[in-house]
Amino acid sequence: MSTGLSCGAQAPTPAIVVEALTVAFGSFVALRDLTFRSDYGQVHAVIGPNGAGKTTLLDVLTGKSRPRRGRVLLDGQTDLSRLSEVQRTLAGIGRKFQKPSVFEALTVRENLDLALRLHRRSLAREVLAASGRKQDAIGRSLETIGLASQRDEPAGVLSHGQKQWLEIGMVLISEPKLLLLDEPVAGMSDGETAHTAELLRRLRGGERSIIVVEHDMAFVEQVADKVTVLHEGACLFEGAMREARRDPRVIEVYIGR
Amino acid sequence: MRRAFDPIALTCASLLVLLLVLLPALGLSGALPIYGVNLLGQILCFALLAMSVDLMWGGAGVLSLGHGLFFAFGGYLCAMHLLRTAYAATHTLPDFLQFMGASGFPRWWGFADSALLTLLAVLLLPALLAFLFGYVSFRSRVNGVYFSIITQALTYSAMLLMFRNDTGFGGNNGMTGFHAVAGLPAGSLRAAVLLATLSAATVLLVLIGGRLVLASRFGRLLAAIRDDEPRLRFLGYDTLWLKLAAWCASAALAAVAGMLYVPQVGIINPGLLDPSVSLEVAVWVAIGGRGGLCGAILGAALINVLQFWLASAAPTLWPFVLSLLVLLVVLVLPNGLLDLRNRSRAWMDELAQPLPARLRGRSAR
């Protein structure tokens, strides 16, 4: 598990390691020689102004965009560059999209049922499998995201916040090693934001690492163990949120006075 | 298996069962003229074709504007079988082969001697074509209108190909001169009743099977593709194979519809490959209502009955009536006629409100 990147006295296990990553679209460089890691048991926030490369980073991790240089290692050993989007998901990378993406015609329970894959090797077996074995996991997930009483409602009638929680539940139900959340509280009411922060704190655990891209500073301060501030595709600051708020460069490009 | 059979589907299935009983009874007793039997049979084939389009469009949100291709493919295969059996009985070559100076059928037509092999070909070959085309398109993530346009282009190029005499399928004139259908003289009352009854049975079977499939996990995965395909892919499903499976099944279904249609009209020519035919199928489905297959049956039946009726009553009016219907559905009933019940309930609720509240609601919009 040696990654050549030590960080602090006791080295936590990295879930994902990004090494010297450069992503460019034509002549526009979205990420510039970025090195980054996220550890198990941590909530890692990625913040920065618009166009800093936050979503691009998530796109590279999930295989939606291809890097020009550099590599991404899951668990410090699995090189992701050859894996397709679907294979990465099955390898343990779950992503919650920025805009709530749930299957509106299906009920909450059916959404979770599809999200939980029992037969990762075979699509045919997955399609034909009876749903009995999934009920326990679906029940637990409904409790976690707090939608147990809406289980038989079509997802289309849920509120914005509820859709976001449902999508988090859908991504979580297959127990990913790395959970990516792209602006989970955008457009949420204060109450919903608080609820989401609470949910995230409960989800933090040794078996998973969580990366959150977010603009809401108060929310980030509540949930993040560590923040990385991106600016023009490069890492500007890494550390605790409290220190980020005091860092003059961060104040200059992002937080403002 | 929830929601597999709602009241509308049950009504639809019961009517089909009734038809299945009445068609032979009324047809063979002479109560229904052969013209009527034939018309019903053709409409049932169109209903089948519309269901095949709805399976993809209502089910997975993938609109094919080229299902005439698979319909005609099945039709041509069936015509080949009918010509071979006609030749076995009469020993006269079809006209188009004589004009080309051929002394016999091309050797590879041999498979069409067997009804079973022909049926297999109808089930497999159009599906294979669909697989090749679908694999290339879906793999390159060609979606939405772009996919629809390519299906049109594919049908159009198939039409150009079939219009050529040296393609070997009768060119412009197509293939006709069938002698017998399943041992019954072509054009006889009994053949017409058999074919129409067979078509009704197929529609019923596909309605039941299709509804079960749509209510299964596979059907829910198709609905998930329709709602948000990237989300499904990022849940670890390779949507390519799910779409391909539905697409190939849909093509095979359209081919079966064509196979049943051709002996009932007694001819097949490249006219069926005209893009406007395929477009019209999408119109039937849109007017009847997408998803659930009942709307497809309703739309196909309604439009075709109207068209047959107007064709004698006021042929020049038809394009206007059809356009008016399309406009009406787009403006008032975007989910098709089957949605009338829900819609009318909403209208009644609105009317039941006192006028000031209604006006407020309107200005708020």
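# A guided tour of chains A and B

Begin by selecting chain B, which has 14 helices and 4 strands; helices (H or I, at least four residues) and strands (E, at least two) are DSSP runs, numbered from the N terminus. The radius of gyration of chain B is 22 Å, close to the 21 Å that the globule rule gives for 365 residues, so chain B is as compact as a globular protein of that length. That radius is taken over C-alpha atoms, and the globule rule is 2.2 Å times the number of residues to the power 0.38.

The model is predicted: local features need pLDDT of at least 70 and side-chain atom pairs count only at pLDDT 80 or more, whereas totals for chains, interfaces and linings use all residues. Residues are numbered from 1 along each chain as its sequence is written, while chains are lettered from A and ligands numbered from 1 in the order in which they are written.

**Chain B as a whole**

Display the C-alpha atoms of chain B; along the principal axes they fill a box of roughly 80 × 55 × 40 Å. Of its 365 residues, 45% count as buried. A residue is buried if 20 or more other C-beta atoms lie within 10 Å of its own, exposed if 12 or fewer, and partly exposed in between, with C-beta atoms placed from the backbone. Among contacts in chain B between residues at least 6 apart in sequence, 80% join residues at least 24 apart; two residues are in contact if their C-beta atoms, placed from the backbone, lie within 7 Å.

Select residues 34-60 and 239-265 of chain B. These are helices α2(B) and α9(B), which pack at an angle of about 170° with their axes 9 Å apart. Axes are lines fitted to C-alpha atoms, for helices over the stretch in contact, and angles run from 0 to 180 degrees between N-to-C directions. The two helices, α2(B) and α9(B), are therefore roughly antiparallel to each other, a description used for angles over 145 degrees. The residues of their contact divide into 17 nonpolar, 7 polar and 1 charged. In this classification Ala, Val, Leu, Ile, Met, Phe, Trp, Tyr, Cys and Pro count as nonpolar, Asp, Glu, Lys and Arg as charged, and the others, Gly among them, as polar.

Next, select R141(B), in the loop between α5 (115-139) and α6 (144-163) of chain B. R141(B) has a positive phi of about 55° although it is not a glycine. With 13 other C-beta atoms within 10 Å, R141(B) is partly exposed.

**Where chain B touches chain A**

Show both chains: 16 residues of chain B are in contact with 21 residues of chain A. On the chain B side, helix α8 (residues 217-233) gives the most, with 10 residues. By class, this side of chain B has 8 nonpolar, 1 polar and 7 charged residues.

**The 4-stranded sheet of chain A**

Move to chain A, where 4 strands form an open sheet in the order β2-β1-β4-β5 with antiparallel pairing. Two strands pair if DSSP finds at least two bridges between them. At the edges stand β2 and β5 (78-79) of chain A, each with a single partner strand, so one side of each is left without a neighbour in the sheet.

Select residues 14-25 and 28-39 of chain A, strands β1(A) and β2(A), which pair in the antiparallel sense over 8 bridges. V23(A) stands opposite L31(A), and A24(A) stands opposite V29(A). The two strands, β1(A) and β2(A), form a hairpin with 2 residues between them, and G26(A) in the turn has a positive phi of about 65°.

Helix α1(A) lies across β1, β2 and β4 (69-74) of chain A, running at about 115° to β1(A).

**The 6-stranded sheet of chain A**

An open sheet of 6 strands in chain A has the order β6-β7-β8-β3-β9-β10, with mixed pairing. The twist averages 20° from one strand to the next. Helix α1 (residues 54-62) of chain A lies across β3 (43-47), β6, β7, β8 and β9 (226-231), running at about 145° to β7(A).

Select β7 (residues 178-182) and β8 (residues 209-213) of chain A, which pair in the parallel sense over 5 bridges. D182(A) stands opposite V213(A) in β8(A).

Finish at E232(A), in the loop between β9 and β10 of chain A. Its phi is near 50°, a positive value in a residue other than glycine. E232(A) counts as partly exposed, with 15 C-beta neighbours inside 10 Å.

Terms used. Angles under 35 degrees count as roughly parallel, over 145 as roughly antiparallel, 65 to 115 as roughly perpendicular and the rest as oblique.
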